[in-house]
Amino acid sequence: MSLQMRSIVGATAALLLASLLLPAGLPCGAGTAQAQAVNSQPRAKRGGAPAANVQPAPAPSASKELPPRVPFTAAEDAVAVIPGIPNARFWADSETDYANALPTQSGPWLILSSGGADGAFGAGLMTGLTAAGKRADYPVVTGVSTGALMAPFIFAGSRYDDALRKAYTQVSAADIFEAGSSTGESFVNSWPLRDFIAKQITPELMADVAAAYRAGRRLFVVTTNLDAERSMVWNMGAIAAHGGEQATKLFCNVLLASASVPGGFPPVLIDVEAGGKHFAEMHVDGGLGGQFFVAPASLMAATSQYRLPATKLYVVVNTGLQPNFKVVDRFAPTILTQSIGMAVPVDTRLMIDRAYLAAKRSGIAFNIATIPPSFNVPSAGAFDPKYMGALFKTGFAQGRSDNAFDDKPPPYPGAPASQPNRMERTGANR
């Protein structure tokens, strides 16, 4: 998503780790993807129309023994497909499949990064662009973690802007997970988030995504196939166009998986088939393979001569890139949290530089929007509505301004000021 989190109820190292790597996420259609520690995951907003053909999952027992998985080989997984929807996905490292999945029409591409609750920035930015009359119908929209959760609503059109706003400003940790309810696969239970997503993915939204797909546009969401240790790109428009209960369930499961921080939230098992054999793959947060997705890594490499078939590249970074000073306690979870909090921005900046070089090599304009270094509103905790509301307003103002995007990567921060920053550590400044 990808990138920050925090602990809950005696937070453990795994949860804290998840918090940082996967910033708070948001619900299907309005949210962000990774959250802080136990709270990592897209935020779910309360209410919403009931989902068609999808029943909310009940809260499973914390002590329930998990059934064994059907064994399968790497060779079988390499060719596995979704039964009945063969074009639902492709490996993120496959140049051929990537090329075949791209639309024939040209135009600007929109890339949405991970960031957890900080996805409020991206949601605000996009609604601000709408208010300014500068929102394009991007032929390609990609999303990872938080970016994945907001991507369907952005892809489907500005009439879903209000859903984005509510998801980033009116949710709390209780809308995302159940604390103190270990599943055996995670430290908390994400059934509230699963329920929320089911309510947000309405027949109307599925129809709009399908219509955009048939018109030639593409919506790609990334998850991590933990069994194969490879990233998977899901063609969400093709899934929506298939229609029916199976497609709706898969659509929701992909969004949930893309925001499911390993260890913090339960992984999502997705049924596949290879040579007549049926088994389930384990999918987790898409941010493990990269904070955002433009093209296969081999095509983005500095040594590649590949030219992106886009007219412009727009990258929205939902992760704070500024370092934050803190005297670290001699406690494993705190050490892990601080370490990941440092590593994620470093990884994000490297990916930004790679995208910038790819755009220049392709002869197209590079545009990037990041959380302003000046944003310093403190957060009262995971999925704090006041914090997210303030960040949403910041993004909205930037989107409506004449300088919504910069044409080059943000500068690296200089040496810290002589006086340490004593403000409370927040998501954007983590």
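Student: Which residues are buried in H4?
Tutor: Gly119, Ala120, Phe121, Gly122, Ala123, Gly124, Leu125, Met126, Thr127, Gly128 and Leu129 are buried in H4. Buried means under 20% relative accessible area, exposed over 50%, and partly exposed in between, with a 1.4 Å probe and protein chains only. Helices here are DSSP runs of H or I with at least four residues, strands are runs of E with at least two, and both are numbered from the N terminus.

Student: Before I go on, what kind of model is this?
Tutor: This is a predicted model, where local features need pLDDT of at least 70 and side-chain atom pairs count only at pLDDT 80 or more, while totals for chains, interfaces and linings use all residues. Residues are numbered from 1 along each chain as its sequence is written, and side-chain values use heavy atoms, leaving out hydrogens and water.

Student: Back to H4, what do its buried residues pack against?
Tutor: They pack against strands E2 (108-112), E8 (312-316) and E9 (365-369), and against helices H5 (146-156), H6 (161-169) and H13 (385-400). Contact means heavy atoms within 4.5 Å.

Student: And what comes just after H4?
Tutor: Gly133, with a positive phi of about 70°.

Student: New topic: which residues of H8 are buried?
Tutor: In H8, these are Leu205, Met206, Val209, Ala210, Ala212 and Tyr213. Looking down the axis of H8, its buried residues fall within an arc of 160°, so they line one face of the helix. That arc is taken from the directions from the helix axis to the C-beta atoms.

Student: Why can a helix have a face like that?
Tutor: An α-helix has 3.6 residues a turn, so residues three or four places apart point the same way.

Student: Where is Ser304?
Tutor: Ser304 sits in the loop between helix H11 (297-300) and E8.

Student: Is Ser304 buried or exposed?
Tutor: Ser304 counts as buried because its relative accessibility is 11%. Leaving aside residues up to four places away in sequence, Ser304 touches Ser298, Leu299 and Arg361. A polar atom of the Ser304 side chain also lies 3.0 Å from the backbone nitrogen of Tyr306.

Student: Zooming out, how many helices and strands are in the chain?
Tutor: The chain has 13 helices and nine strands. Of its 430 residues, 59% are buried.

Terms used:
Polar contact = N/O pair within 3.5 Å; in protein donor to acceptor, adjacent residues only side chain to side chain.
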